[in-house]
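Subject: Structure handover

Hello,

Here is the structure for your files. My notes on it follow below.

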Amino acid sequence: MTDRPATPKTKNRVIKLTGFDTYAVVLTHNRHEWANQLLGVLLDDGVTPFVIDNRSEPPFVADNRDVVVIRDDNPMNISALWNQGLEIVERDARRRELEYWNVAVLNDDLDMPHGALDELGFAMRAYEADASFPDVHGMQPFAKLHRDVGFTPISLFERVSGFCFMLPGERGLRADPQFEFWYGDDDIDWRVRAGRGSVQVPLRNPIRHLDADGTYTRDPEAAEQAGRDRQSFIVKYGQPPW
């Protein structure tokens, strides 16, 4: 057994429903307070977070100095940032000789209830799915597996939520970096539906997305990139995602 690398310490360890170690990749940009609030919940729940700080000014500093923060000063490409975090998580998991691990991909602007990632992980592993995501619109009384090998448009109420989703880390799924701002989550959704599926999970306590579409509405360049990403999606799949 190799030595375990330095990873963030937690105040306490919760009993996990899945029995698998859980990581989180947290993307942040200029939302220091929200990011630290989210990290506090993750650490209390026994989750190992890695933060990707994309051009925050001033640079993001975690309140818990054991949290690993990776600075990235490249122009925003959310899919590439996700992949960077997923690669870091995989290296850590492989060094620890883990056979299986869960990894959540999270925005920094989430009001995360304790235990939410445990619920997502339990449902994902119970269905042996390729992804799980919260039922943010309250559409499902029970967890629902989505599979569709035909690549057809998906209801907005039943699609992977880009601000919070979970993957089985050992399967090595990565985002398509051609989707720089939007539609990277839809691309992941379509690919996992063609495989073992994605699970929509009604959580006991909902996750609140505090600044939904904030970057899109405030940043004209981001809105323009969203349009280009939509066209890239249509080129890849022959139709829009929704």
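**Two loops**

Pro58 sits in the loop that runs between strand E2 (48–54) and strand E3 (68–72). Please keep in mind that this is a predicted model. The peptide bond leading from Glu57 into Pro58 is cis, and its omega is near -5°.

Glu128 is not a glycine, yet its phi is positive, at about 50°.

**A helix pair**

Helix H4 (residues 184–193) packs with helix H6 (residues 220–237) at an angle of about 20°, and the two axes are 11 Å apart. Angles under 35 degrees count as roughly parallel, so H4 is roughly parallel to H6. The crossing of H4 past H6 is right-handed.

Which residues make the contact? On the H4 side they are Asp186, Asp187, Trp190 and Arg191. H6 brings Phe233, Lys236 and Tyr237 to the contact. Sorted by class, the contact of H4 with H6 has four charged residues, three nonpolar ones and no polar ones.

**The cavity**

Across the whole structure, one cavity of 30 Å³ or more was found. The largest cavity holds about 50 Å³ of space.

The residues lining the largest cavity are as follows:

- Leu86, Val89 and Glu90
- Trp101 and Val103
- Leu167, Pro168, Gly169, Gly172, Leu173 and Arg174

Helix H2 (78–95), strand E4 (101–106) and strand E8 (164–168) are the elements that each give two or more residues to this lining. Which element gives the most to the lining of the largest cavity? That is H2, with three residues.

By class, the lining of the largest cavity has seven nonpolar residues, along with two polar and two charged ones. Glycine counts as polar here, and Gly169 and Gly172 are both in the lining. Glu and Arg count as charged, and Glu90 and Arg174 are among the lining residues.

**For your notes**

If you want places to start viewing, go to the cis bond from Glu57 to Pro58, the positive phi of Glu128, the contact of Trp190 and Arg191 of H4 with H6, and the largest cavity, with its lining residues from H2, E4 and E8.

Regards

Methods: Residues are numbered from 1 along each chain as its sequence is written. This is a predicted model: local features need pLDDT of at least 70, side-chain atom pairs count only at pLDDT 80 or more; totals for chains, interfaces and linings use all residues. Side-chain values use heavy atoms; hydrogens and water are left out. Axes are lines fitted to C-alpha atoms, for helices over the stretch in contact, and angles run from 0 to 180 degrees between N-to-C directions. Helices (H or I, at least four residues) and strands (E, at least two) are DSSP runs, numbered from the N terminus. Angles under 35 degrees count as roughly parallel, over 145 as roughly antiparallel, 65 to 115 as roughly perpendicular and the rest as oblique. A crossing is left-handed if the near helix is turned anticlockwise from the far one by less than a right angle, and right-handed if clockwise. Contact means heavy atoms within 4.5 Å. On a 1 Å grid over the protein atoms alone, a cavity is a set of points where a 1.4 Å probe fits but cannot get out, and a pocket is an open set with protein on both sides within 12 Å along at least five of seven lines; lining residues have an atom within 4 Å of a point. Grid points are joined across faces, edges and corners, and a volume is the space filled by probe spheres set on the points.
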